[in-house]
Amino acid sequence: MSSEQKPFVTDDTQVQTETRDARMAGADDRFNSKLREAFGSSPFILTKFDKFMNWVRGSSMFMLQFGIACCSIEMMHTYAIKHDLDRFAAGVPRASPRQADVIIVPGTIVSKFAPRMKRVYDQMPEPKFVVGMGSCTISGGPFQEGYNVIKGAEEVIPVDIHIPGCPPRPEALIYGIAKLQERIANGESSPVTVKPYELEQFGDLESDEIVDKLAAQIDEDDLVMRYNWADSP
Amino acid sequence: MSLEEQQSDEPAELESGVSRGDELADLLGDLVVGREEHMNAPGLVIRPDEVQDALFKLRDEAGFDHLSCVTAQEYEDRYESIYHLTKFDDRTDEVSVVVPTSKDNPVSQSAEPVFRTADWHEREAYDLVGIQYEDHPDLRRILLPDTWQGHPLGLDYDQDRPQIATLREHANPLEEDHRAAGDSNTMYINIGPHHPATHGVLHVETVVDGEQVVDLDADIGYLHRCEEQMCQQGTYRHQIMPYPDRWDYISAGLLNEWAYARTAEDLADIDVPEYAQIIRTMGAELCRIASHMIALGTFALDVYGDFTAIFMYAMRDREIVQNILEDLTGQRMMFNYFRLGGVVWDLPEPREEFFEKVRDFLDGLPQALEEYHDMITSNEILQARTVGTGVLPPEVAKSYGATGPVARGSGIDYDLRRDDSYGYYDELDWDVVVEDGCDNFSRLLVRMREVEESAKIIQQCVDLLEDWPEDERNIQANVPRTLKPEEDTEIYRAVEGAKGELGIYIRADGTDKPARFKIRSPCFSNLQTLPEMSEGEYIPDMIASLGSLDIVLGEVDR
Ligand code: SF4
C-alpha cells in the first residue's frame, strides 16, 4: 500500500518545496529565473531585464480555473461579459495548475479541502501569485466559528492580495487583480507568512494522543495536514 | 389570512374525529411504542430494532413513498433519529417516525433497504451526531475526513482538539476482483475535488473500463462549512437569516431564506402581511430564474467543453436579474432580505422605474429563450449527448428522494409551491412543468420551461404590486424582539428551492436559539442518484448527467 502512495511525492514537488522554503527563509525571492542566471553579473542588463520580465508577467496573467464556494460565482461573473476580466490581460482561466500563474482562492476552505488546495498550489510553477477573494479567505468569514473551517487561506498558502467582501463585487475583484498587476510590475513580492498548516508526512508528526490513535489507520509516509484548532485565531 | 397558519393547525382532525396520528398508529399496531406531536405531523415512536418493519408498512400500506429527510440529534439522555415521511402525491400528508436509542449503545436499524436515500442521510447522521445504523451497506464518514475524531454535533464535542486530515491516493475499489480474472483493465480516475466539470469541490471517484463507467462514488464534504452549527448558535430573530443565502449560493438566496422564514414563522406563529408575501414571491422567482440561468450556462459548458457563447449569454441574462435583485435587496448575491414576518424594506423608490426594469427584463426574456432554444435544445450535438443519456426512471428517483427539476424531468408531478402551497403562489396562475423523458435533455427542458413559468409569476406579482394601495403597504408583521418558541416544539417545513425540496427541521428548547437545526438539502438527495444514472454509461455522459443534476456544493455539504 505504501508504495502506491509514492506518486504523490514526486521530484517535482520536492523542487517546489525547496523553492518555497528558500522563499520563506529569504534566500531567494520569488522572481528568480533561470534566464536571469544566464545573463550573468552585468547590473545594467539585469535590472532592465528584470523590469521587462516583471512588466510581462503583470501584463499577461493566466488564472487558474479554481472554484470553491459562493465567491466563485462572482468570479465567474468577473470572467464573463460585462465585467470581462480579459480586458485587463488576466481573463484566460487555465484548467491545469501547471499552466497557471495566479490562483484566486474564492471561498471557504475546510479541513478536508485544505490539503488538496495546498497540492494544487504546489503544482503551479514559480513565480506564482495568490489572490484571496472574500472574507472566508481572510478569516473564515461568516463561518469562522465552525468546527471544520480553516480560519483564512493564509493558514495554508501565502496570499498576495486580500479582497474583502462577502462576496466581493466583481469590480472589487478587478481592482484587486489590477493591484496585483501593479505590484508584480513593480517587482514587489509580498511577505510570505510562515504558515501554521503544512502538508507533512505522518511519520514526521510529533507523537501525541491523536497521532497515536491514528497510527493504525495512517501510513508513516502518508501526507497529512494537522490542525491545531485551539491555536487558530 | 396566511396559508401557513391553516396548515399548522395540528393535529389535523379527520371527519370521523380520529386524528391522522391515531390512524397511522393503528396501522402499525404494536410497533408503535409512544406518540409525539410535531407541528407539521404526528410523530410515532418506534423501537430501534423495528425501524424497517415500520417503514415498510408505512410505505407499502399507507403510501408514504417519500423519505424527505433524516434528522439525528442528541438529547441529554438519548439519541434520536427522526424519519420525515411524506407522499409525492400528497405533500401535506406527513408523518415523523421517531427512533430513540440509548446513550451507551446508539445503534438503530438502517432504513436503507426501504428508501435508498437513507444511505447518505444516515451516513451524515453517523458522521455528525454519532448514531450507528445496523444493516447499513456502507457506514463511514461522509462530510468530514475519515480520520476525524468525535462527532461535532454531539453534546460533548470538544471543538478545540487537534485533528488530522490526510491526502492520500484513493484505491481502485474494483482493482482486486478484476485482477484476479486477469483480463481486466479498469482504470481509476479522480474527478475533482478541483476540476472544472464538477461545479465546485465535488470529488467523483470513478472507475472506468475503456470508456465506460463501471463504478462511481461521489465523495463530498469539501465544502462542509458547519452551516447547521452556525444556525444553532444564532438567534431566531436576526442571526440565522444571513446563512441560508450561502447554502445554495447560485443566487437562490431568497428561495433559501424563505425556507428558514417559513419554518420559523410557523414555529413562532407569525403571520406575514399579504403585501410582503407578494414581494417575497416575486423576489424568489427572480432568484429561480438566475439560478436556472447558471444551470443552463454551466450545463452547456460541460457538454460543449468551453466558455462558449451559451455560457456568456446565460451570464448576460443573469446579470440583468442580479441588477434587479440588487435594486430590491441591496446586494448582488447574499441578499439577507427576508425577515421573520415579512421583508426588510419595501420596493426601491421610484417604484415606476423598478417596475419598468422588471418589465423590460420580462419582455426581453422570450427572445432570449428563443435564442437558447436555437443554440441548445435544437442543436444536434447537444441532442446526441443528452437525449437518452443519464436515464433516471421515476421509481428510482422517488426512492432516492429526488425532487425539483430532477424529479420533474423524470415525470414526477411534484412541486411544493403547488402541493404544499405557501406565499402567494396559489393565488397566481402558473403551471408545474413536467417532462417525462427521464434523461438529461428533459431535465434541461424542465429548467428552461420553468424560467417561462417564473416569468409569468413575476409578471402577475408586478401587476399586483403596482396597484397596491399606498396605505396598505405593510411589509412586516409585528414580531417580538426576541423569539422564544416553547420548549420541545419540533417542526419540519420545506419550500421549493431552485434545486428542489429545501426543508428545515427545528427543535426549540425554550431559549432564543434552536436546539437542533437540520437542513434538508435537495442537492444532497439529488446527487445520490448519480451512480444510478451513470454506471454502465460512457464517461462523457456521466459529466452531462452531473451537469444536468445542477448541484451546488454549498448546499450538498452545508
Ligand atoms: S466570503 Fe462570503 S461569499 Fe465568499 S465564500 Fe465566504 S461566505 Fe461565500
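In this predicted model, Glu228(B) and Arg558(B) form a salt bridge whose closest N and O atoms lie 3.3 Å apart; the term stands for a side-chain nitrogen of Lys or Arg within 4 Å of a carboxyl oxygen of Asp or Glu. Glu228(B) belongs to helix α6 (residues 227-233) of chain B and Arg558(B) to the segment after α19 (553-557) of chain B, so the pair ties together parts that are 330 residues apart in sequence. Helices (H or I, at least four residues) and strands (E, at least two) are DSSP runs, numbered from the N terminus. Both Glu228(B) and Arg558(B) are buried, where buried means under 20% relative accessible area, exposed over 50%, and partly exposed in between (1.4 Å probe, protein chains only).

Further salt bridges deserve a look. Glu501(B) pairs with Arg91(B), with 2.9 Å between the closest N and O atoms. Since Glu501(B) sits in strand β15 (residues 501-508) of chain B and Arg91(B) in the loop between β4 (78-86) and β5 (95-102) of chain B, this pair ties together parts that are 410 residues apart in sequence. Glu501(B) and Arg91(B) are both buried. Arg47(B) and Asp49(B) also form a salt bridge, with closest N and O atoms 2.7 Å apart. Here Arg47(B) is partly exposed, at a relative accessible area of 39%, and Asp49(B) is partly exposed too, at 42%. Over all chains, the count comes to 52 salt bridges.

The contact between the chains comes next. It takes 61 residues from chain A and 61 residues from chain B, with contact meaning heavy atoms within 4.5 Å. The size of an interface is often given as the accessible area lost when the parts come together. Chain A and chain B bury about 5,500 Å² between them, and 63% of it is on carbon and sulfur atoms; this buried area is the accessible area (1.4 Å probe) that two parts lose on being put together, summed over both.

Which polar and charged pairs link chain A and chain B? There are 20 residue pairs in polar contact between them (both residues at pLDDT 80 or more). A polar contact is a pair of N or O atoms within 3.5 Å; within protein, one must be able to donate a hydrogen and the other to accept it, and residues adjacent in sequence count only if both atoms are side-chain atoms. The count of salt bridges between chain A and chain B is 4. Lys82(A) forms a salt bridge with Glu319(B), the closest N and O atoms being 3.6 Å apart.

On the side of chain A that touches chain B, the elements giving two or more residues are α4 (70-79), α5 (114-123), α8 (209-214) and β7 (223-227) of chain A. The largest share, 6 residues, comes from α4(A). By residue class, this side divides into 39 nonpolar, 11 polar and 11 charged; Ala, Val, Leu, Ile, Met, Phe, Trp, Tyr, Cys and Pro count as nonpolar, Asp, Glu, Lys and Arg as charged, and the others, Gly among them, as polar.

Strand pairing also crosses between the chains. β7(A) is joined by 5 bridges to strand β8 (residues 163-167) of chain B, and the two run antiparallel; strands pair if DSSP finds at least two bridges between them. Tyr227(A) stands opposite Gln163(B) in β8(B).

Chain A itself has 8 helices and 7 strands. Of its 233 residues, 51% are buried.

Residues are numbered from 1 along each chain as its sequence is written, and chains are lettered from A and ligands numbered from 1 in the order in which they are written. Local features need pLDDT of at least 70 and side-chain atom pairs count only at pLDDT 80 or more, while totals for chains, interfaces and linings use all residues; side-chain values use heavy atoms, with hydrogens and water left out.
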